[in-house]
Amino acid sequence: MRRGVLKALPAVLLAAVALGAWELYVDLGGVDPALLPPPHAVAAALWDNADLLWHNFTITAEEVMLGLGLALIGGFALGVAIHFSPLLRRAAYPHAVGSQAVPIAVIAAPLVFWWGFGIFPKLFVIALICFFPVVVTTVDGLAAVDPDQLKLLRTLDASRWQAFRFAELPAALPAALSGARIALAVGVIGAFIAETSTATTGPYAGLGHEIMADLNSLQAPREYAATAVLFLFAIACFYTLTVAERRLAPWTTRPGGDSR
Amino acid sequence: MGAVSLSGVSRTYAQERATGQTRTRRGTGTTGNPERAVRALADVSLHADRGEVLAVVGPSGCGKTTLLELICGLQSPDAGTVRSEPAALMPQRDLLLPWLSAVDNAALALRIAKRPRAQARERASALFAELGLAGFEEAHPHKLSGGMRQRVAFVRTLLSGKPVLCLDEPFGALDAITRAEMQGWLARALAREPRTVVLVTHDVEEAVLLADRVAVLCARPGRVVAELEIALPRPRARTDPAVVALRERALIALGLGGDS
């Protein structure tokens with residue numbers, strides 16, 4: 001536990017220095033606090049609006065978790081399918097790349113038309129934003145298996161499926177998990193995009209929605225407080241997945257080789 | 001009736017040079033550039049009787065690995081015929097799967113043959129005790145020494161249940177002391193559980209200590225230049241004058257005759 005605290009210390013110190021500089025900059029009149037609220041005002045807003053922020057956080061967190069789950073399942077499945085089918089690779093890969101360039105606002109209207117104001121259009125948007133790194137890392141991970149390893153399995157009479165199950169799948173797992181961590185980092189901003197680009201019922205529907213509302217009503221401190229929650233959420237997600245990766249693929253973590 | 005027999009076997013690779021690396025590609029001169037073609041084996045005839053240990057020695061580039069892959073059915077000859085009972089390959093690199101424990105690696109062939117996991121592990125564990133690997137069943141490969149990894153790889157080859165074992169420089173990567181230990185250990189293992197063995201090595205002494213017969217290959221193209229019967233009782237000592245004399249004969253066949 002003490003080691004964990006020590007490991008987090010550099011990040012905490014950096015945050016303290018950055019927040020201190022920010023505070024000084026605003027206090028010394030560098031910028032209008034209405035445009036850039038000082039950290040102490042943000043902290044006060046965080047405290048005063050804790051219930052509201054928590055409520056919106058749970059909505060956003062649910063979206064991110066489910067959207068990311070969809071992206072991981074879909075991205076991994078597509079990666080595996082592409083690995084097995086060169087035809088599918090040629091057919092689908094370019095479109096998967098292209099899909100990353102589609103502005104969400106463009107497809108928001110039909111999504112809402114099909115699925116209404118609920119959570120489904122948002123999940124789709126998050127999954128669309130997140131799935132790509134999972135596909136790429138899965139495809140690359142599966143292709144990076146030692147060919148001699150596959151040769152060996154052939155001499156042991158392994159079927160195609162068994163070669164996948166015993167060699168390719170576990171070999172690709174660390175790469176796919178790295179893809180998942182990238183997906184997670186963009187998943188949080190994906191939730192913001194999803195909430196702000198698809199219409200929602202009710203006034204409080206996620207942190208992204210709240211940030212946009214505060215932006216329009218000049219509630220800068222609360223807007224920043226909500227952003228801080230997103231910031232911390234992304235960090236928490238990322239390191240949770242890093243821990244999960246160590247459990248799922250322990251052979252990739254050599255003693256002393258922790259570079260994260 | 002030979003368990004393994006090759007007659008008049010030739011194998012040619014088309015070689016391409018790209019970005020400073022030499023890669024070999026399967027093919028029979030289809031590039032139409034005969035100067036770039038590398039003949040790995042030229043008119044090689046060899047056989048091993050059931051239960052016989054045939055050692056193949058030669059300098060690097062004499063097509064030893066190609067020879068084993070032909071016997072294991074991983075390649076086909078361009079000319080000549082290869083006949084062999086089902087053969088299992090123990091590759092030069094141990095190629096243990098890093099995500100499986102030692103005992104699961106050893107039991108891989110049984111798992112591929114759809115035996116229940118517990119039963120497969122039990123059979124592998126029984127051999128672990130015999131081969132001085134007891135206590136390391138659950139260790140992952142990166143925790144094992146080079147000699148132990150080779151032994152696990154050998155158990156995996158043995159448990160494939162195939163009548164022919166193809167060993168590709170099994171101790172080439174080990175230090176001299178470990179290698180001597182492993183040679184003694186392999187001799188005992190084969191005495192206990194006789195198999196037809198094709199042992200490829202660049203170590204002439206190893207060949208004379210372990211084999212019933214030694215085939216000496218020369219390089220580029222690989223051709224058989226001598227065959228020596230090793231009709232000596234086992235276990236053999238490397239200081240035995242008969243062993244020394246045969247080693248000398250093999251070295252002369254390789255064009256490396258000692259002091260003469």
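Me: How much of chain A is buried?
Reply: In this predicted model, buried residues are 35% of the 260 in chain A. Buried takes 20 or more other C-beta atoms within 10 Å of the residue's own, with C-beta atoms placed from the backbone.

Me: How many helices and strands in chain A?
Reply: Chain A has 10 helices and 0 strands. These are DSSP runs, numbered from the N terminus: helices are H or I, at least four residues, and strands are E, at least two.

Me: At what angle do α3 and α9 of chain A pack?
Reply: About 130°, with the axes of α3(A) (residues 50–84) and α9(A) (residues 207–216) 8 Å apart. Axes are lines fitted to C-alpha atoms over the stretch in contact, and angles run from 0 to 180 degrees between N-to-C directions. α3(A) and α9(A) are therefore oblique, a class left over once under 35, over 145 and 65 to 115 degrees are taken out.

Me: Which residues meet there?
Reply: Asn56(A), Phe57(A) and Thr60(A) of α3(A) meet Leu207(A), Gly208(A) and Glu210(A) of α9(A). Contact means C-beta atoms, placed from the backbone, within 7 Å.

Me: New topic. How many residues of chain B are in contact with chain A?
Reply: 16 residues of chain B, against 14 of chain A. α3(B) gives the largest share of the chain B side, 3 residues.

Conventions: Residues numbered from 1 in each chain as written. Chains lettered and ligands numbered in written order. Predicted model: local features only at pLDDT ≥ 70, side-chain atom pairs only at ≥ 80, totals over all residues. Buried ≥ 20, exposed ≤ 12 C-beta atoms within 10 Å, placed from the backbone. Contact = placed C-beta atoms within 7 Å.
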